[in-house]
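Colleague: I'm new to this one, could you walk me through it?
Modeller: Gladly, have a look at it first and then ask whatever comes to mind.

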Amino acid sequence: MTELRPTSRKRKVSAVKEEATRLASVIVRATKGPLCQCGCGRPATDAAHIIGRAYSHTRTDLDNQLALNAHCHRMFTNHPDDWLTFLYGLIGEDEYQRLKRKAIEGVNQKFDWFEENDRLRAIWKQLEEEAA
């Protein structure tokens with residue numbers, strides 16, 4: 001097993017943030033898929049955020065994402081009350097509130113996207129090695 005080199009600090013933060021977001025999506029779909037977690041039976045094509053992506057401290061938190069298909073993702077986005085009811089049934093109100101607190105408490109706090117990208121790269125590498 002070769003060791004991963006840290007993400008270069010010379011890269012733009014926005015590019016590293018997008019890479020971390022993409023990696024989190026791939027990891028969620030690989031570990032929580034292959035089928036939509038709503039139970040519809042369709043293939044999972046999206047990683048849906050429980051607490052919206054605007055919050056850095058939960059944006060790439062793997063506990064904050066579910067594997068859904070595009071149709072269900074859009075349906076829940078357009079019907080937030082149904083989304084909350086679904087979430088409470090799937091993860092429970094306590095877990096939802098924990099994620100919400102984590103997101104809100106992180107507002108106005110610096111988030112290290114380089115460190116987060118390295119964490120996600122290591123998880124993805126481990127998943128690839130386990131699959132080989």
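Predicted model: local features only at pLDDT ≥ 70, side-chain atom pairs only at ≥ 80, totals over all residues.

Colleague: How many disulfides turn up in the whole structure, then?
Modeller: The search of the whole structure finds zero disulfides. Cys36 is in none either, and the nearest cysteine sulfur to its own is that of Cys38, 3.4 Å away.

Colleague: Is Cys36 buried or exposed? And what about Cys72, buried or exposed?
Modeller: Cys36 is buried, since its relative accessible area is 5%, and Cys72 counts as buried with a relative accessibility of 5%.

Colleague: Switching to charges, how many salt bridges are there?
Modeller: A search through the whole structure gives nine salt bridges. One of them pairs Asp61 with Lys102, where the closest N and O atoms are 2.6 Å apart. That pair links distant parts of the chain, because Asp61 sits in the loop between α2 (56–59) and β2 (65–68) while Lys102 belongs to helix α5 (residues 93–105), 41 residues apart.

Colleague: How accessible are those two, buried or exposed?
Modeller: Asp61 counts as buried at 10% relative accessibility, whereas Lys102 is partly exposed, with a relative accessible area of 31%.

Colleague: Which residue meets Arg98 in a salt bridge?
Modeller: The side chain of Asp63 meets that of Arg98, with a distance of 3.6 Å from N to O. Arg98 counts as partly exposed at 31% relative accessibility, and Asp63 counts as partly exposed at 44%.

Colleague: What about a salt bridge inside a helix, where does Asp118 find its partner?
Modeller: Asp118 forms a salt bridge with Arg121, and their closest N and O atoms are 3.0 Å apart. Both residues are in helix α6 (residues 113–131), and because they are three residues apart, about one helical turn separates them.

Colleague: Which residues are joined into one network by shared partners?
Modeller: Asp63, Glu95 and Arg98 are joined into one network, through salt bridges that share partners.

Colleague: Back to α5, what span should its residues give?
Modeller: With 13 residues at 1.5 Å a residue, α5 should span 18 Å, and its end C-alpha atoms are 18 Å apart, which agrees.

Colleague: Which residues of α5 are buried, and where do they fall around the axis?
Modeller: The buried residues of α5 are Tyr96, Leu99 and Ala103. Viewed down the axis of α5, they fall within an arc of 65°, so they line one face of the helix. Among the elements that cover these buried residues are α2 and α4 (80–90), while the face turned away from the buried side carries the exposed residues Asp94 and Glu105.

Colleague: One last stop, where is Ala48, and what is it in contact with?
Modeller: Ala48 is in strand β1 (residues 46–49), and it counts as buried at 2% relative accessibility. Leaving aside neighbours within four places in sequence, Ala48 is in contact with Asn64, Gln65, Leu66, Leu68, His73 and Trp83. Ala48 and Val28 are 20 residues apart in sequence, and their C-alpha atoms are 9.1 Å apart in space.

Terms used
Residues numbered from 1 in each chain as written. Heavy atoms only, no water. Helix = DSSP H or I, 4+ residues; strand = E, 2+ residues; numbered from the N terminus. Buried < 20%, exposed > 50% of the residue type's maximum accessible area, 1.4 Å probe, protein only. Contact = heavy atoms within 4.5 Å. Salt bridge = Lys/Arg side-chain N within 4 Å of Asp/Glu carboxyl O. Disulfide = S-S within 2.5 Å. Expected span 1.5 Å × (residues − 1). Arc of directions from axis to C-beta.
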